[in-house]
Amino acid sequence: MSAKILWVDDEIDLLKPHILFLESKDYQVETINNGGDAVDMVRESEYDIVFLDENMPGLTGLETLERIKSLKPSLPIIMITKSEEERIMEEAIGSKISDYLIKPVNPNQILLSLKKHLDTRRLVTEKTTSNYQQEFRQISMRLGDRMDTKEWMELYDKLIYWELELDASKDSGMDEILKMQKQEANLQFSKFVKENYQSWVNAEADDTPLMSHTILKEKLMPELGDDTIFLVVIDNLRHDQWKLLKPVLREFYNVEEEDLFYSILPTATQYARNALFSGLLPSEMAKRFPDKWKNDEDEGGKNLFEADFLEANLQRLGKSTKFSYNKITNLNAGKKLVDNFNNLLNNKLNVIVYNFVDMLSHARTDMEVIRELAEDDPAYRSLTMSWFEHSPLYEVFKKIADKGCKVMVTTDHGTIRVEEPAKIVGDRNTNTNLRYKQGKNLNFDSKDVFEVRRPEDIFLPKTNVSTSYVFAIRDQYFVYPNNYNHFVKFYNGTFQHGGISLEEMIIPYAILSPKK
């Protein structure tokens, strides 16, 4: 359907050749010679764009502009004026015109302006779609190759790039193709993890990646010194979410270093985040800290000793650094952190664990309103972005930059939207996580999981001799056969973590320095 234009000019009859030119290009053009009637027409009809003369008797162009914008704030308006006076242009731009043209205008100027404001999205969409179609073939070929850990990170980064590009272009036609390609990528990635995970945690592979238990030693510890530095761990932050937060932070920071690393298994907070702070794998923590490590079946919180784990890690690495540990689990705690920010500057290291994204993930499961707000990955990203820009954490980042401090931003694991139920049977002591199970006498379809019969081989604790672990792959989630339909209806389409997927395992870190 052709675009509908309203052209407002007190000398509209003199513009007849321009109007005929636009109609020959398949635009619909309605005309009026005064601002008052133009406002009424905008109120009563829908237009794609308005050409508005600045110098009209009666209601002036600027006055007409203001009234139209009050009715239709998003309606593009192009101001046409005889004057190049700076004051007039400032007023018009301040009123959010989309563009302005200086009389006398020629048809090509008008057509170019229309293309710029009406066809940009279409042209961008076509270009984005064309580029992804070419890249699609290359990615598909790569998925047939044997890739190493670095190449998998690069491929995942590329998939996220196209996901965000296609999301911005609003080309829903390519969404399903990309989704299918991500599913295939996750299938191949799961096979890759099954084959190599044991060699990574035993540091036997030539391409052993940076992982949860090594990230602080390799990336944070070299930054510790005389100046105060902050470590911000945003729980459950995926790579695509970080890609949206980064441009906001770049207003205050330069990105010194940025990359991806691998979460350990299970990709669950009590394992991955404890490993991050302790610099140890789960069975090593259970052995060294038997009074602090909690297994799945144990009562009590599983992440109550992160500060103790970090302190022991610093001592083991010979870092006698004064530090603070701050866990933020609700809005009031975040506001209190902002209010007391200056006290943090007495420490050389300040750790801030912000749980919002994790709470959002679980709320997505438990609260119907959140289910509707975050019904898919683009909505989940959008909700995270909206939260961040209005959160106390955003204020903390600004304060850190204002004080001239560096900050390392990272996470413990990501999350995936689950859509395929996988049946499993376990005894009453089996843990409740939907993406991994720990227990004895587990019964399942082996093609749906990564099974670890000897947990000690991958540094996972076991409570008895027959304990085993199974991890869901791709977008699957474990469901017990009894009440199967009920649980499928409740959990399908929710965001979960604990298993093996690109989204859960390949996660971001960045080191930011404040702009001077």
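This is a predicted model: local features need pLDDT of at least 70, side-chain atom pairs count only at pLDDT 80 or more; totals for chains, interfaces and linings use all residues.
Residues are numbered from 1 along each chain as its sequence is written, and side-chain values use heavy atoms, with hydrogens and water left out.

I placed both residues in helix H8 (residues 172-201), three residues apart, about one turn of the helix. Helices (H or I, at least four residues) and strands (E, at least two) are DSSP runs numbered from the N terminus.

**Aromatic rings**

I took rings of Phe, Tyr and Trp (its six-membered ring) as paired if their centres lie within 6.5 Å, with planes under 30 degrees apart as stacked, over 60 as edge-to-face and the rest as tilted. By this rule I get 29 aromatic pairs. Tyr 197 and Trp 200 are edge-to-face, at 6.2 Å centre to centre with 70 degrees between the planes. Phe 487 and Tyr 491 are stacked, at 6.2 Å centre to centre with 5 degrees between the planes. I find the latter two in helix H20, four residues apart, about one turn of the helix. Phe 487 counts as partly exposed because its relative accessibility is 29%.

I also noted one aromatic cluster, with Tyr 394 and Phe 397 among its members. Both of these residues are buried in helix H19 (residues 392-402).

**Charge over ring**

I looked for NZ of Lys or CZ of Arg within 6 Å of a ring centre and within 35 degrees of the ring normal. The charged end of Lys 423 sits over the ring of Tyr 484, 4.9 Å from its centre. Lys 292 does likewise over Phe 305, with its charged end 5.8 Å from the ring centre.

**Strand E16**

I checked strand E16 (residues 468-472) and found five of its five residues buried. Ser 468, Val 470 and Ala 472 point one way, and Tyr 469 and Phe 471 point the other way. For pairing, I required that DSSP find at least two bridges between two strands. Strand E13 (residues 436-439) runs antiparallel to E16, joined by four bridges, and Lys 437 has Val 470 as its bridge partner. Strand E15 (residues 449-452) is also antiparallel to E16, with four bridges; here Val 449 is partnered by Ala 472.

Definitions and conventions: Buried means under 20% relative accessible area, exposed over 50%, partly exposed in between (1.4 Å probe, protein chains only).
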